[in-house]
Amino acid sequence: MQKTLSIINLPAIRENALRIKALCGNKFFAVVKADAYGHGAEEVSRYIEDIADGFCVAIIEEGIALRVGGITKQILVLTPPLDSYDVSRAKAYNLTLTVNSIQSATLLKGAECHIKVNTGMNRLGCDLSELPSILKKLPPESIDGVYSHLFAPQDESACEFQFAVFERAARLVKTFKPCATAHLSASGGLLSGGKYLFDGVRSGILLYGYAPAGFEAEGFKPALKVFARRTQVTRFIGGGVGYNFADRDYSTLTAYRCGYADGFSRTVPLGEKTLCMDAFVSTENGNLACVMDDADEYAKRCGTISYEVLTSVTRRSERIYER
């Protein structure tokens, strides 16, 4: 096997899910977009389906894959439909769509939806002033929820502003559909707790053992380790180390099958010097070399965040699930 090897600890993810469920005290939507942040959406979702009240994905194709994989609980697609083809596929697989405008509400034609309100992130969602018109466009039986997203959950003043806007939006939606689920918080909002929890939370990064900026993942367990496989041990004859000039003598060097095409950063050394596209050179000599066991630590070296690391490093990987 030439792929990198990803070891995914499903019991750790399950423990994280139970902890999230206990903290939120209400509905828990497990965010499994981007192939469950690189952990494998179908496997992760099946392992925690009895804990989660529903799942969130980014695009319709991800939702369809979960349905084909046997998931029966609610699946919310976070990106609004862009055309009638999106809506027809979502309806065929019983996916819940996001409505963010009059245009997307018009496309729905009775499909189940959650209304996304812009409370300050300015990424997706309708303005509060548009909400009455959207509600008039939708049959009440199609409205299952209303949600927004905290853009800076670590900042109390920003959260308070968004909370005030969302509270008004949730109150208005519930006049049309009293049982609609209102959810504002993702992982950061969950850790802030209290009034930000509303009727439920959407949690992604905590499910995989890490916390968003400004928070600590105390009590949560990382679930992913990635290993590179040894491909050759070479007697050093001088010259270079991969695409780099050697700055010292070596007796032997080992090539491992993992490079930047596998989702690792070319600017961050693995082994000796920079990576090649498909390999790196090291003084280690084991059959396997651990190339990522802490996404926060590796992200710091890359100048990025754990989210980007997790969704990248299993790109060309064989997944092994610990149960």
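The paragraphs below lead through the pockets of this predicted model and then through its salt bridges.

We can begin with the open spaces. The largest pocket holds about 580 Å³ of space, and its lining is made up of 30 residues, among which K33, R123, H149, A186 and Y307 lie nearest the centre.

From the pockets we can turn to contacts between charged side chains. The structure holds 15 salt bridges, and one of these joins D53 to K21, with the closest N and O atoms 2.5 Å apart. Because D53 lies in the loop between α3 (41–48) and β3 (54–57) while K21 belongs to helix α1 (residues 10–24), this pair ties together parts that are 32 residues apart in sequence. D53 is partly exposed, at a relative accessible area of 31%, and K21 is also partly exposed, at 27%.

A further salt bridge links R319 with D35, whose closest N and O atoms are 2.7 Å apart. Since R319 sits in strand β16 (residues 317–322) and D35 in helix α2, the pair ties together parts that are 284 residues apart in sequence. Both partners are partly exposed, R319 with a relative accessible area of 24% and D35 with one of 29%.

In the salt bridge between R248 and E272, the closest N and O atoms are 3.5 Å apart. R248 lies in the loop between β12 (244–245) and β13 (252–257), and E272 in the loop between β13 and β14 (280–282), so the parts that this pair ties together are 24 residues apart in sequence. R248 is partly exposed, with a relative accessible area of 44%, whereas E272, at 17% relative accessibility, counts as buried because its value falls under 20%.

Finally, salt bridges can also join into a network, as they do here for R257, D262, D278 and R316.

Methods:
Residues numbered from 1 in each chain as written. Predicted model: local features only at pLDDT ≥ 70, side-chain atom pairs only at ≥ 80, totals over all residues. Heavy atoms only, no water. 1 Å grid on protein atoms, 1.4 Å probe; cavity = no way out; pocket = protein on both sides within 12 Å on 5 of 7 lines; lining within 4 Å. Points joined across faces, edges and corners; volume = space filled by probe spheres on them. Salt bridge = Lys/Arg side-chain N within 4 Å of Asp/Glu carboxyl O. Helix = DSSP H or I, 4+ residues; strand = E, 2+ residues; numbered from the N terminus. Buried < 20%, exposed > 50% of the residue type's maximum accessible area, 1.4 Å probe, protein only.
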